[in-house]
Amino acid sequence: MNRLVQTPLDYELVEAIADAVVVSDASGAINLWNSAAERLFGFTEAEALGNSLDLIIPERLRERHWAGYRKTMASGETRYAHDVLRVPALHKDGRALSIAFTVGLLHGPQPDVTGIVAVIRDETQPFIEKRNLLKRLAECEKNMATGHSPNAEGRG
């Protein structure tokens with residue numbers, strides 16, 4: 001059993017939740033990865049544990065992510081403690097995901113932050129649907145502004 005999941009009840013709680021639960025230490029190494037995380041990101045627990053969060057962070061976002069991560073570890077504070085964050089992520093097979101998550105800071109016996117827990121949900125399909133609706137809305141607004149009607153052009 002993982003050192004963060006010390007009792008059968010701890011294990012049952014982490015595994016019962018439908019959302020991915022990922023815990024990383026102060027350096028950003030993954031030290032808890034539940035089965036929902038495996039389903040979401042495609043990496044097994046064995047592949048994820050001990051590895052960097054870079055497994056799931058798109059390369060173009062890593063510098064920004066790590067700057068914020070280091071700042072949080074040093075300050076012991078996060079400005080996202082009560083917010084749902086929505087960001088791109090990566091699946092093991094390389095495809096892009098859109099995820100929503102909340103974070104919590106973990107503390108050891110001292111007041112220092114020892115890690116971060118994230119509870120993560122896949123929002124890829126709703127993100128795609130919203131993006132497509134916004135494109136259609138922009139097209140309709142453009143057509144209205146120029147006096148073109150989709151129906152008059154045989155598109156609707």
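Two strands pair if DSSP finds at least two bridges between them. Helices (H or I, at least four residues) and strands (E, at least two) are DSSP runs, numbered from the N terminus. With that in place, the sheet.

This is a predicted model: local features need pLDDT of at least 70, side-chain atom pairs count only at pLDDT 80 or more, and totals for chains, interfaces and linings use all residues. Residues are numbered from 1 along each chain as its sequence is written, and side-chain values use heavy atoms, with hydrogens and water left out.

Five strands form an open sheet. The order is β2-β1-β5-β4-β3, and the pairing is antiparallel. Which strands stand at the edges? They are β2 (30-33) and β3 (85-90). Each has a single partner strand, so one side of each is left without a neighbour in the sheet. On average, neighbouring strands are turned by 35° against each other, direction ignored. Axes here are lines fitted to C-alpha atoms, for helices over the stretch in contact; angles run from 0 to 180 degrees between N-to-C directions.

Now the pairs. β3 and β4 (residues 96-107) run antiparallel, joined by six bridges. Leu90 has Ala96 of β4 as its bridge partner. Val87 stands opposite Ile99 in β4. Five residues lie between the strands of this hairpin, and Gly94 takes a positive phi near 95° there.

Next, β4 and β5. Nine bridges join these antiparallel strands. Val103 has Ala118 of β5 as its bridge partner. This pair is a hairpin too, with five residues between the strands.

What lies across the sheet strands β1 (20-25), β3, β4 and β5 (113-122)? Helix α4 (residues 59-75) does, running at about 135° to β5.

Step back to the whole chain. There are five helices and five strands. From the N terminus, the elements run α-β-β-α-α-α-β-β-β-α. Contacts are heavy atoms within 4.5 Å. Among those with a separation of 6 or more, 41% link residues 24 or more positions apart.

Last, confidence. pLDDT is the predictor's confidence in each residue, from 0 to 100. The chain mean is 87, and 89% of the residues reach 70 or more. Among the elements, helix α2 (residues 35-41) has the highest mean, 97. Helix α1 (residues 8-16) has the lowest, 77. Where pLDDT is low, the predicted coordinates should not be read in detail.
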